[in-house]
Amino acid sequence: ALAVKVQFVSTGGAPVLIQSEFKIDATEKFAKVLKFLRRQVQQDNVFPFINQAFIPSQDEPVGDLYKNFGVHGKLIVNYAPTLAWG
């Protein structure tokens, strides 16, 4: 199956990840990315944004997000402790 490279970018005072790039199967739902991110930053209150613009549906397949919003071969997910955009 196709893997998508996800890059996490800290915003608005959120903890910075030591390793910011991860791969996930394109068929996985965005909920899995969010769960993983929350585990990495050890906070439940983390808001993910695609293209610094919107919070995707948790049911959205990662591959679809990448197809529509991928940049330079990656799906860039900004994350913040508060609603930074939108």
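This is a predicted model: local features need pLDDT of at least 70, side-chain atom pairs count only at pLDDT 80 or more; totals for chains, interfaces and linings use all residues.
## Strands β1 and β2

Strand β1 spans residues 3-10. It pairs with β2 in the antiparallel sense, over five bridges. Within this pairing, V6 stands opposite F22 of β2.

Strand β2 covers residues 21-25, and its side chains alternate. F22 and I24 point to one face and are buried.

Four salt bridges turn up in a search of the whole structure. One of them joins the side chains of E21 and K74, at 2.9 Å from N to O. E21 belongs to strand β2, while K74 sits in the loop between α2 (62-69) and β4 (75-80), so the pair ties together parts 53 residues apart in sequence.

E21 is partly exposed, with a relative accessible area of 28%. The residue also belongs to a network of salt bridges that links K5, E21 and K74.

## Salt bridges: two further pairs

E28 and K32 form a salt bridge, and their closest N and O atoms are 3.2 Å apart. Both partners are partly exposed: relative accessibility is 26% for E28 and 45% for K32.

D64 pairs with K67 in another salt bridge, with 3.6 Å between the closest N and O atoms. The two residues lie three apart in helix α2, which separates them by about one helical turn. D64 is partly exposed, with a relative accessible area of 29%. K67 counts as exposed, at 66% relative accessibility. Side chains of opposite charge can pair when their charged atoms come close.

## L34 in helix α1

Helix α1 runs over residues 30-41 and contains L34. L34 has a relative accessible area of 5%; it is buried because that value falls under the 20% cut-off.

Leaving aside residues up to four places away in sequence, L34 touches V46, P48 and Q58. L34 and D44 are ten residues apart in sequence, and their C-alpha atoms are 9.6 Å apart in space.

Notes: Residues are numbered from 1 along each chain as its sequence is written. Side-chain values use heavy atoms; hydrogens and water are left out. Buried means under 20% relative accessible area, exposed over 50%, partly exposed in between (1.4 Å probe, protein chains only). Helices (H or I, at least four residues) and strands (E, at least two) are DSSP runs, numbered from the N terminus. Two strands pair if DSSP finds at least two bridges between them. Contact means heavy atoms within 4.5 Å.
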